[in-house]
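Please read these notes alongside the structure. They are brief and follow a numbered order.

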Amino acid sequence: MKLFGSMKVIDNTLHIGGVSSVELVEKYGTPLYVMDEALIRDNCRRYAEAFKIKENNNKVIYAGKAFLTLAMCKIINEEGLNLDVVSGGELYTAYKSGFPMENIYFHGNNKTPEEIEMAINFNIGNFVVDNFYEIDKINELAIKHNKVQKVLLRITPGIEAHTHEYIKTGSIDSKFGFTMLNNKTLSAVKRVIGYSNLELVGLHCHIGSQIFSIEPYLDEVELMLNLIKSIKEETGYTIKELNLGGGFGIYYKEGDEPKKIEDFCSCILEKAKQTSLNLKMDMPTLIIEPGRSMVGNAGITLYTIGSIKNIPNVKKYASINGGMTDNIRPALYQAEYECAIANRVDSYWKEVVSISGKCCESGDILLKDVELPEMYSGDILAVFSTGAYGYSMSNNYNKIPRAAVVSVMDGKSKVMCRRETYEDVISREILD
Ligand code: LLP
């Protein structure tokens, strides 16, 4: 079991942000997402520093899909980072939080005309354009609103990164972006340049998520800088920004060996510098878009153990009062986590159990065959590294209300998102 940021074991009880997990549970109930604010801020600062956003004018864009609330937008803004949104809902969250709209990058492979218009009305900084349909649509709506809209083009560079099939996005066979085959990229560039209400500022690519090795990123840098150079040669147009996407892996379980933020960033910057020199071109502004690595290890989820079932010589199950509704990753990607009994972290007696969720679905198993202190109904289970793609992928299957999110720092806790009520769950339904 690996502890991150402010997590500590005091009197055999897990503490986070200077607050005891037992107290958090008494105050807010379970399931409960707990976010270590100091660790999130520290990650933001480490990225900003290592990627030289001040020195070199590079940019770090937080990928909001990992975890986004009003308060999270505020943290990102206070830390001086930009924000990647991928839907009208994420954009609206940023807008309502007071996030500066010029620092928004709007992604997505099928932004609806309504989303595009809303973004133009909000005066967002940049669209990351995914396809020809969208080039035309954004131009049409920019004309309607009498604006010149900045855009980046998303390219699928055909780079294979070793990660789960569902979260791999950079290969040629992908629903995202302009393929580099058949000169499609060049046609897209020409189309944007030809439109007077669009300003082409950059290229974007993203090769996947939860990637540990640096090599695919170095290949990406090389390939994209070559592309920028060939665009210059073919069209005379200078691409000013190169966005290399996110995807940097984090530690979830033994065997995961992520690179340090500083090492990742310096390898990318060095490669970009060398490649630009070799290609005799000016280095564009470099951008990265981390999501998971900004918040993943900063979050834990606390649950209460309910029923415990022992099938002699087969398996012992302990059920929690949450599951695939608050963390769908094990069911969707066979994701694995580390966990602990938060109120009795260590004990002489250990046992092997599987932690099952409460959904009416046999696949709702959060953790398989983990070794934990012998547990009893009423114990608190802490699952680590749930800060990314937990709350943001939560759902109401079986009409289970969504869990609350609190942030903790310096011995204090704050609600980021209150627990859903049953009234919330049925609030959009109409009885005829
Ligand atoms: N930029 C783009 C264009 C992306 O599509 C993504 C993630 C990111 C940045 C941030 O990637 P990160 O640094 O968080 O790996 N739900 C999956 C992950 C899906 C990632 C989708 N795109 C999971 O729970 O593992």
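**Notes on the predicted model**

1. Val 415 lies in strand E21, residues 412-417. Helices (H or I, at least four residues) and strands (E, at least two) are DSSP runs, numbered from the N terminus. This is a predicted model: local features need pLDDT of at least 70, side-chain atom pairs count only at pLDDT 80 or more, and totals for chains, interfaces and linings use all residues. Residues are numbered from 1 along each chain as its sequence is written, and side-chain values use heavy atoms, with hydrogens and water left out.

2. With a relative accessibility of 49%, Val 415 counts as partly exposed; buried means under 20% relative accessible area, exposed over 50%, and partly exposed in between (1.4 Å probe, protein chains only). Leaving aside residues up to four places away in sequence, Val 415 touches Tyr 28, Val 405 and Val 406, where contact means heavy atoms within 4.5 Å. Ala 71 is 344 residues from Val 415 in sequence, yet their C-alpha atoms are 9.3 Å apart.

3. Which residues of helix H5 (residues 113-121) are buried? They are Glu 115, Ile 116, Glu 117, Ala 119 and Ile 120. Their cover includes helix H4 (88-96), strands E7 (104-106), E8 (126-129) and E9 (149-156), and H6. Just after H5, Asn 123 has a positive phi of about 60°.

4. Helix H6 (residues 132-144) and helix H7 (residues 184-194) have axes that come within 11 Å and cross at roughly 5°. Axes are lines fitted to C-alpha atoms, for helices over the stretch in contact, and angles run from 0 to 180 degrees between N-to-C directions. H6 and H7 are therefore roughly parallel to each other, the term for angles under 35 degrees.

5. In H6, Phe 132, Ile 135 and Asp 136 meet Lys 184, Ser 187, Ala 188, Arg 191 and Val 192 of H7. By class, this contact has four nonpolar, one polar and three charged residues. Ala, Val, Leu, Ile, Met, Phe, Trp, Tyr, Cys and Pro count as nonpolar, Asp, Glu, Lys and Arg as charged, and the others, Gly among them, as polar.

6. For the protein chain, the secondary structure comes to 12 helices and 21 strands. Along its principal axes, the C-alpha trace spans about 70 × 60 × 40 Å. Of the 432 residues, 55% count as buried. Among contacts between residues at least 6 apart in sequence, 69% join residues at least 24 apart.

Terms used:
Parallel < 35°, antiparallel > 145°, perpendicular 65-115°, else oblique.
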